[in-house]
Amino acid sequence: MYARAVDYLEKRKYEQALEILRPYEDVNTAIAYMSLGYDKAALRILEQSSQTAETQYMQAILNARLGNEQRAVSLLLSAAEMDDRMRFRDPELSLLVKKYGLFKEDDLW
């Protein structure tokens, strides 16, 4: 069942994925919630997950969506420190990058 849920995620069938993943409360569950706009539920799961560059990056996006700019910036910087590729991944954070003058030396934003 779990493999089917991951397949649903890959096919962007988030509602079907979430039906299966809801009891697992893992990163894939958070991705399904996040993709459906259930940002608080996704953030709750990610905050309890292993803190990797990817999970911190997703938390940055969710905090930005929820209006917690300072927390989003902090998480984005932490994610980028762990993995430099996290700097330029998502246009959803580009406004914060510009607003706070982050990563200026890279001048890609």
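## From one lysine to the whole chain

Student: Is Lys-99 buried or exposed?
Tutor: Lys-99 is exposed, since its relative accessible area is 54% and the cut-off for that class is over 50%. Please bear in mind throughout that this is a predicted model.

Student: And which residue forms a salt bridge with Lys-99?
Tutor: The partner is Glu-69, and the closest N and O atoms of the two are 2.8 Å apart. Glu-69 itself is partly exposed, at 28% relative accessible area.

Student: How many salt bridges are there in the whole structure?
Tutor: A search of the whole structure gives 7. One of them joins the side chains of Arg-44 and Glu-25, at 2.6 Å from N to O. Arg-44 sits in helix α4 (residues 39-48), while Glu-25 sits in the loop between α2 (14-21) and α3 (27-35), so this pair ties together parts that are 19 residues apart in sequence.

Student: How accessible is Arg-44 in that pair?
Tutor: Arg-44 counts as partly exposed, with 35% relative accessibility. Glu-25 is also classed as partly exposed, at 34%.

Student: What about phi of Glu-25?
Tutor: Phi of Glu-25 is near 50 degrees, which is a positive value in a residue other than glycine. Arg-12 is another such case, with phi near 60 degrees. Arg-12 is found in the loop between α1 (2-10) and α2, and at 65% relative accessibility it counts as exposed.

Student: Back to the charges. Which residue forms a salt bridge with Arg-85?
Tutor: Asp-83 does, and the closest N and O atoms are 2.6 Å apart. Arg-85 is exposed, with a relative accessible area of 60%, whereas Asp-83 is buried at 15%.

Student: Which residues are linked in a network of salt bridges?
Tutor: Asp-39, Arg-65 and Glu-92 are. As background, side chains of opposite charge can pair when their charged atoms come close.

Student: A new topic, then: α5. What does it span?
Tutor: Helix α5 covers residues 53-65, which makes 13 residues. From its first C-alpha to its last it reaches 18 Å, close to the 18 Å expected at 1.5 Å a residue.

Student: How many residues of α5 are buried?
Tutor: The helix is mostly covered, with 10 of its 13 residues buried. Among them are Ala-53, Tyr-57, Met-58, Ile-61 and Leu-62.

Student: With which residues is Thr-55 in contact, leaving aside its neighbours within four places in sequence?
Tutor: Those contacts are with Val-27, Leu-46 and Ser-50. For Ser-50 there is a polar detail: its backbone oxygen lies 2.9 Å from a polar atom of the side chain of Thr-55.

Student: Zooming out, how many helices and strands does the chain have?
Tutor: The secondary structure comes to 7 helices and 0 strands. The radius of gyration is 14 Å, close to the 13 Å that the globule rule gives for 109 residues, so the chain is as compact as a globular protein of that length.

Student: What does the C-alpha trace span along its principal axes?
Tutor: The C-alpha trace spans about 45 × 20 × 20 Å.

Student: Finally, what can be said of burial and surface across the chain?
Tutor: Of the 109 residues, 40% count as buried. The chain exposes about 6500 Å², and carbon and sulfur atoms supply 47% of it. As for contacts with a separation of 6 or more, residues 24 or more positions apart account for 32% of them.

Terms used
Residues are numbered from 1 along each chain as its sequence is written. This is a predicted model: local features need pLDDT of at least 70, side-chain atom pairs count only at pLDDT 80 or more; totals for chains, interfaces and linings use all residues. Side-chain values use heavy atoms; hydrogens and water are left out. A salt bridge is a side-chain nitrogen of Lys or Arg within 4 Å of a carboxyl oxygen of Asp or Glu. Helices (H or I, at least four residues) and strands (E, at least two) are DSSP runs, numbered from the N terminus. Buried means under 20% relative accessible area, exposed over 50%, partly exposed in between (1.4 Å probe, protein chains only). The expected span of a helix is 1.5 Å times one less than its number of residues. A polar contact is a pair of N or O atoms within 3.5 Å; within protein, one must be able to donate a hydrogen and the other to accept it, and residues adjacent in sequence count only if both atoms are side-chain atoms. Contact means heavy atoms within 4.5 Å. The radius of gyration is taken over C-alpha atoms; the globule rule is 2.2 Å times the number of residues to the power 0.38. Accessible areas come from the Shrake-Rupley method with a 1.4 Å probe; for residues, only the protein chains shown count as cover.
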